[in-house]
Amino acid sequence: MRMLINVPETVVADALRGMAAAHPELTVDVENRVIVRRDAPVAGDVALVSGGGSGHEPLHGGFVGPGMLAAACPGEVFTSPVPDQMVRAAAAVDSGAGVLFVVKNYTGDVLNFDMAAELAEDEGIRIAKVLVNDDVAVTDSLYTAGRRGTGATLFVEKIAGAAAREGRPLEQVEAIARRVNESSRSFGVALSAVTTPAKGSPTFDLPTGELELGIGIHGEPGRERRPMMTSGEIAEAAVDAVLTDLAPSSPVLVLVNGMGATPLLELYGFNAEVQRVLGERGVAVARTLVGNYVTSLDMAGASVTLCEIDEELLGLWDAPVSTPGLRWGM
């Protein structure tokens, strides 16, 4: 095992300590596993709270800050956070305007956020929830009933976060978050397996010279394995899988997302092919984001997420944001 860690048992705590040292604008509670923007609660603003297993960084802790999340709850690697974390986060950021839970569609996350919502409401906190389920690759996967939540989580957190920063009420922020999710689709491909710190070896076998289409962000099985393909061929497979399920009549946001081990040189080359395919399919592109945002530890590969947008959603996407993992306009 070649990992830049001390021991597997402390990898999340060590990362949180390092995050606290690098980002004084955040309050990082290492013991209770909650990351909060230091100026929370923000008077009059709805607060967005999300979370999930560690290993997908910068999702979610790297998206805490003005214009995005108010708090995030990291679980152990590829393991859901627990309800106590979510309730603690909601209490820390609630200004009285309510809290929106952004939940990726994985069984543990859904159950724990549901329980946390009940507990927080018992404490007098208004809670709304939105489920992100954008992955078109498979239904009813290893960790999921229904479609998995992947790259669209970034779009939901950014756009709904901007709406919250404008002072919109909880019902409107929730509706915008749902609209973004419903307008988004994703598809991923793995070029190598993922290795977790606890296991110390690949979590599945992907022979040399093969790739897996439709992989999940925890290494869940995809649709099929094929011999290695060119960047252009992979782009065609991913974009066509998305467009089979999403037929945009308006421009789209594009996220070309690295799975963790694929360098930007390759991701930008892949983006060139994604843009070519979208052009050939007659899909107009409004904005594009390229980089490692919703990752799977050391997995090599990429995913493509498209979100059909209108002028309102584009304005919210362009609005200023300042987080460790995403920032512009501030």
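Start by selecting K158 and A319: the K158 side chain comes to 3.1 Å from the backbone oxygen of A319. Keep in mind as you go that this is a predicted model.

Next, pick S322, in strand β13 (residues 321-322). S322 counts as partly exposed because its relative accessible area is 22%. If you like, draw a C-alpha to C-alpha distance from S322 to L267: the two are 23 Å apart in space and 55 residues apart in sequence.

Now move to another lysine, K104, which sits in strand β5, residues 99-104. Is K104 buried or exposed? It is buried, because its relative accessibility is 1% and the cut-off for buried is under 20%. Show the side chain of H60 as well, and you will find it joined to the side chain of K104 by a polar contact of 2.9 Å.

For the last stop, select E118, E121, D122 and E123 together; these residues form a negative surface patch. E118 lies in helix α3, which runs over residues 107-122. With 52% relative accessibility, E118 is classed as exposed, since that class begins over 50%.

Key. Residues numbered from 1 in each chain as written. Predicted model: local features only at pLDDT ≥ 70, side-chain atom pairs only at ≥ 80, totals over all residues. Heavy atoms only, no water. Patch = residues over 30% accessible without salt bridge, like charges linked within 9 Å, V, L, I, M, F, W, Y side chains within 5 Å. Areas by Shrake-Rupley, 256 points an atom, 1.4 Å probe, with all protein chains shown as cover. Salt bridge = Lys/Arg side-chain N within 4 Å of Asp/Glu carboxyl O. Lys, Arg positive; Asp, Glu negative; His and termini not counted. Charge placed at Lys NZ, Arg CZ, Asp CG, Glu CD. Helix = DSSP H or I, 4+ residues; strand = E, 2+ residues; numbered from the N terminus. Buried < 20%, exposed > 50% of the residue type's maximum accessible area, 1.4 Å probe, protein only. Polar contact = N/O pair within 3.5 Å; in protein donor to acceptor, adjacent residues only side chain to side chain.
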